[in-house]
Amino acid sequence: MGRSLYTKLILIIMTLIVAFMAVVGAFLLHGVRNFYLSEFYQQMQSVFSSEELAEDLHHAADADNGVSAIADILNAYKGPLGIDAGTRNYYILDGMTGGYITGSNDPAEEITNTANILTAMTGQSGYASDASADFMDVAIPLEGTSGRYIIYIIDNKSTVQSLNGDLSHIILQAMAVGLLISVLMSLLLAKTLVTPIQDLTHAAERVADGDFDHKLENSAQDEIGVLTNTFNDMAGTLEATLDDLKKSEQMRREFVANVSHELRTPITSVKSYSETLLEDPDMPPEMRRRFLSVILNESDRMSKIVQDLLTLSRFDAGSIEFEFTRFSFEKSVRDVYSAMRIEAQKHKHEFTLEFLTPVPEIRGDRGRIEQVLINMVSNAIKYTRDGGKVKITAGAKDGKVWCSVRDNGIGIPKQDVDRVFDRFYRVDKARSRESGGTGLGLSIANEIVSRHNGNIQLESKAGRGTVITVTLPVEGPADV
């Protein structure tokens, strides 16, 4: 493909050079011919319009030796008339018949009656120009007592033809040199233009094969440079997009596997306990009640999983409606503390609440904000060994409110901290299931906080506890 483009550029430039030289040559040859024609007739008109020459010619025509006298005068004016006995000559013709009488030389052949001679025979000066003829001529009528005559000046155009021949030769030489230069220039131009295009082609082939590491180098500020930079940007964007697609596909597979696993466990329990109840109708009431309690708990757990999945699905689809109103963030924190205090007491935790600064009202969805706070406190209570410490602190700063929940529980290993907001991700899966966790709570909390243009952060050390903090703007999101 590159060679074909080289050839096209060379042929185009050569064609342009040939066409340009041909047009210039045609105009030049035409201009030279017209210049000589114009110069000849202007010269003749200038000389024969001289009153002195006209008076001398009339006196000569009245003399007894009229022809000889006229010839003498014309010989005296050879210089101004450009007579050189080679290409340009004068002749004295019979004014009635146009026949040859005498001249600056003997004509090689009989002089034919041209349009200008015929005009002079009628008594008028003949200055007509014929660019297609191979000669230039003028015919001046002269009448005296010795007779009627025609002074005829003719130029065979050999000078013009010789000059045009030389010009044609020069033009051909210039065309040959121009063609050589055009070939060299077109090769240089083609290399300048085609090489970056070839590089782009090879880079595109590598991108098509999945190789995004190679970047094209082009510091030029022209269109090729812009195209190269655009291609590099496109390749980077494409690589990022493909990476995102791969990650999304991996997350989708993990999500499906997690959902299947999370639902299979309670379904298996429900099925097993139900089959046992059916197979043993004489089961003691206390055991039957315990089995039914397990079935109810597992059913509730499945319902919670499904509900959380629906919530996340609606977040992904953007179909969840938020009711943004102004409410007391401090009261919400206190309400959550009160609601979770009994649960904390069950585990014998030291459960405290502290406001470090006054907390203003905020704009947001109160129910969903409290859902986030409950999730934070609930996780702290669940994953702190009995008799531990769980502390809620809250405050405001720089137009934002914040709430932190700190515990001295089991903590999270460093490698797992960045994944706690992933769906279904749980550090201690066995303990999570025992406590009824679905692994979706923090994912939902993160979505809610994001919709409020806030952020949620988690810091933890394995065996030493966890601190999770949510920060929200007082005025709420700007886009609602």
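Trainee: Where is the place of Asn-453?

Mentor: Good place to start, and keep in mind that this is a predicted model. Look between helix H13 (441-451) and strand S10 (455-461). Asn-453 has its place in the loop between H13 and S10.

Trainee: What is the phi of Asn-453 near?

Mentor: Most residues other than glycine have a negative phi. Asn-453 is a residue other than glycine, yet its phi is positive. The value is near 60 degrees.

Trainee: Does Asn-453 count as buried, partly exposed or exposed, and which is it?

Mentor: Its relative accessibility is 47%. Buried means under 20% and exposed over 50%, with partly exposed in between. Asn-453 therefore counts as partly exposed.

Trainee: Which loop holds Lys-348, and is Lys-348 buried or exposed?

Mentor: Lys-348 is found in the loop between H9 and strand S6 (350-355). Its phi is also a positive value, near 60 degrees. The relative accessible area of Lys-348 is 66%, and the cut-off for exposed is over 50%, so Lys-348 is exposed.

Trainee: Which elements give two or more residues to the lining of the largest cavity?

Mentor: The structure holds one cavity of 30 Å³ or more. Its lining includes Val-333, Leu-373 and Cys-403. The elements that give two or more residues are helix H9 (329-346), helix H10 (366-382) and strand S9 (400-407).

Trainee: How many residues of that lining are nonpolar?

Mentor: Among the lining residues are Val-336, Val-377, Ile-392 and Val-405. The lining has no polar and no charged residues. The nonpolar ones number seven.

Notes: Residues numbered from 1 in each chain as written. Predicted model: local features only at pLDDT ≥ 70, side-chain atom pairs only at ≥ 80, totals over all residues. Heavy atoms only, no water. 1 Å grid on protein atoms, 1.4 Å probe; cavity = no way out; pocket = protein on both sides within 12 Å on 5 of 7 lines; lining within 4 Å. Points joined across faces, edges and corners; volume = space filled by probe spheres on them. Helix = DSSP H or I, 4+ residues; strand = E, 2+ residues; numbered from the N terminus. Nonpolar A, V, L, I, M, F, W, Y, C, P; charged D, E, K, R; others polar. Buried < 20%, exposed > 50% of the residue type's maximum accessible area, 1.4 Å probe, protein only.
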